[in-house]
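Visitor: Please show me the model, and then let us go through a few questions on it.

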Amino acid sequence: MHTRQIEIECLRYDPERDEAPRWQSWQVPFSDDMSVLQGLQYIKDHLDGSLSFRWSCRMAICGSCGHMLNGEPRLSCQAFLRDYFPAKLRVEPLQHFPILRDLVVDQSAFLDKLASVKPWLIPKPNPAPADEAQRQTPRQMAKYYAYSQCINCLLCYAACPQVGLDSGFTGPAALALLHRYNADSRDAGWDQRREVLNAEQGVWGCTLVGYCSEVCPKGVDPAHAINQNKVNSTLDYFGLLRLMMPRGGDT
Amino acid sequence: MEVIRCDVVVVGGGGAGLRAAIAAAEADPTLRLALVSKVVPMRSHTVAAEGGSAGVIRGDDSLDQHFEDTVSGGDWLCDQDAVQYFVEHCTEEMVQLERWGCPWSRQDDGRVNVRFFGGMKVQRTWFAADKSGFHMLHTLFQTSLRYPSIRRYDEFFVAELLVEDGRVQGVLALQIATGQPVLFACSAVVLCTGGAGRVYRQNTNAGIVTGDGMGLAYRHGVALRDMEFVQYHPTALPGTGILITEGCRGEGAILVNRHGHRYLQDYGLGPPEPWPRAKAMELGPRDRLSQAFWHEERKGHTLDTPQGAAVHLDLRHLGAQKIHERLPLITEMARTFAGVDPVSAPIPVRPAVHYTMGGIACNRHTETALPGLYAAGECASVGIHGANRLGSNSLAEIVVFGKVAGLQAAACARQQPVPAVPQRQAEAAAATLLALRGREHGERVATLRDELGDCMEAGVGIFRDESGMRAACDKIAQLRERWRAGVRLDDRSRVFNTEWLSAIELGFMLEVAEAMAHAALARRESRGAHVRMDGYGARDDANFLAHSLAWRQGDGPPRISHAPVHITRLPPQARHYGGAGDKAVLT
């Protein structure tokens, strides 16, 4: 089924051998249904087993295989070689992250940011017995549902210029997740999350570029979540939020 | 070597591992818990589960019906004491997930909605659109962050159990980022490492599903039980094997062959109308549907696609609104990976390996025969799936028995004095692993892995016969020998050496596959997902109403023995699907 050959050029870096990252390219036979991930797997299986990259589900839900493809953050399993042919395809690790090895980045700072927003349900005093599911109407769900779709693939961090300028910026995915819980009618954790939200490196770190939402493979729209919370944060500053802002349980 | 002392090590950060860790942390916040996983937890394969999770909730449903559906679905090879415990605890776990924020799909009045799955009398499947596993996993992961006693070791590959004085006393892991071996010394280990579907060529599983935990336990004398029962999911994309959820059929989708004929009516699942109807046609069990496809292919009734034979899964009559609301991931995947919009065209599908019903033998308390070792989730055989798992029982299993395992391990750790650090075993194991990384001669990992996948498809597939299974056994023996002779790595560096890890995984895969093939050969009957064409076409309760146990025998093939099934209240009967029935009202 392999019909054509495409040149795939990858950034290589082994911290124990290389002083700086370098490029290496391979000619990879491909068919129309082959993803970029399958191209990388072809290299690893048949041409050079030393190329390191993360992958797992190959169906765009585990969030492992984000790379810069010709400079654009994409999931490699969701991008197809046919769309890059006949030009060559350049694969780099996600930008704004430290490179561990080849295409593998260090995601530990992101995981710390994720934990910092307290991304768990902080229940309100609830009359429903603990052995029963709470009620939540589809309308109430709609307020947070899109923000619960994040697969933590890091593409938005690679896209965000602010993350590049200030590595301490909480960043799009974590702030969208913060909003996901704040907007949930079952949650009463606003007060516990406000410090992270209102901080200089919280929503105010965002400069409204919006590229995070453009590259999101799951339609999460972190830019919208963040900017909605700039309003909330302002109101909070002036003490108005408590009066105006419906949250937790509103229908 | 770095030594990390803790009380409980949970291996695997998927749904079962996270649930186990949370249960242990809640039981005793002073316990030092290590959650050790070869990937960051939210990358675990639980994330790819689509359709949903079982839990009795409707007024017209009952625990007895869930019990009966599960036991008959498993063709009576289920341990009924385990099934009883399971059905009694599914719903509370679904409610617990709701309390932790899981966005289960709702009815208009805010109550949780449930959908049909195959082999179910009544709608029982809790679902979060068609991303149920994704939402369960992220809910569990995010909730686990609340517990300071759960210390995560992301991207640590557990390569060996450390056993001394007849007890498990730790694990040896490789820190992937540095390539350094790390010794975790502990009193109890919970294996939650998932299945082994990757031993087949065409499967719905993520690349990480390589049977590591099964291999770890097996190498220390714990039997692998019922390994011959490998589930082919009837609807996966040809070529890639990407899963197209049973939830599609639960919402009313139909399967047709190249002539537009709903062929399942020709295989004891009809009549086709009224539709939809519980436990009939497209809502039959997975084993029957995959077998029907095989016959259709033989008869030349399937479609030819560039990736091989397929039938059509047709959702069009559900309408765009329902498809987009209930099945958004399927819509996205059909477009991306098959170039088809399910609103306007049917999706080409075929069976692909999906699930290992068998696994590490344990009792209904998740205890294995090795003191201190527990197992939960797909890697375990707790006894609820029998010869064929019902759709939506596996997501429920990971939380119900994940919790049990966490509580059991916590109790074990509290009773057990802090063990000595098993340094000697760890160093021996580390030396073997490091030697593997240094090899400059031999065959490529991919060569052996692909030959294994092809031989399992050919010999231990949907339909089986003696000569095919023997050929698979011989081939695996030969592959194991070639693996021992050495695989050559291009990559001998330490930092994030994934080729090295894949060589270690291949070692586990070969042994687990060998247990599957030999257990299959020894079962001279047909039951559930194990169907023979060589004169053993019927179920044989007189001789084979029994679990198989595969015992590792060093470099040679495993010894297979059989053990009784726990039957408490539902004696074996014929399995009935199809037949007359009322049209179901879908919510």
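Visitor: How many Å apart do the C-alpha centres of domain 1 and domain 2 of chain A lie?
Guide: This is a predicted model, in which local features need pLDDT of at least 70, side-chain atom pairs count only at pLDDT 80 or more, and totals for chains, interfaces and linings use all residues. Residues are numbered from 1 along each chain as its sequence is written, with chains lettered from A and ligands numbered from 1 in the order in which they are written. Domain bounds come from an automatic or database domain assignment, which for chain A gives domain 1 (4–105) and domain 2 (108–244). The C-alpha centres of these two domains of chain A are separated by 31 Å.

Visitor: Which elements give two or more residues to the side of domain 1 of chain A that touches domain 2 of chain A?
Guide: Contact requires C-beta atoms, placed from the backbone, within 7 Å; 12 residues of domain 1 of chain A meet 12 of domain 2 of chain A in this way. Helices (H or I, at least four residues) and strands (E, at least two) are DSSP runs, numbered from the N terminus. On the domain 1 side, the elements with two or more residues are β3 (66–69) and β4 (72–75) of chain A.

Visitor: Which element gives the most to the side of chain B that touches chain A?
Guide: Between the chains, 44 residues of chain B are in contact with 46 of chain A. Elements giving two or more residues on the chain B side include α3 (80–99) and α14 (498–522) of chain B. The most, 4 residues, come from α4(B).

Definitions and conventions
Contact = placed C-beta atoms within 7 Å.
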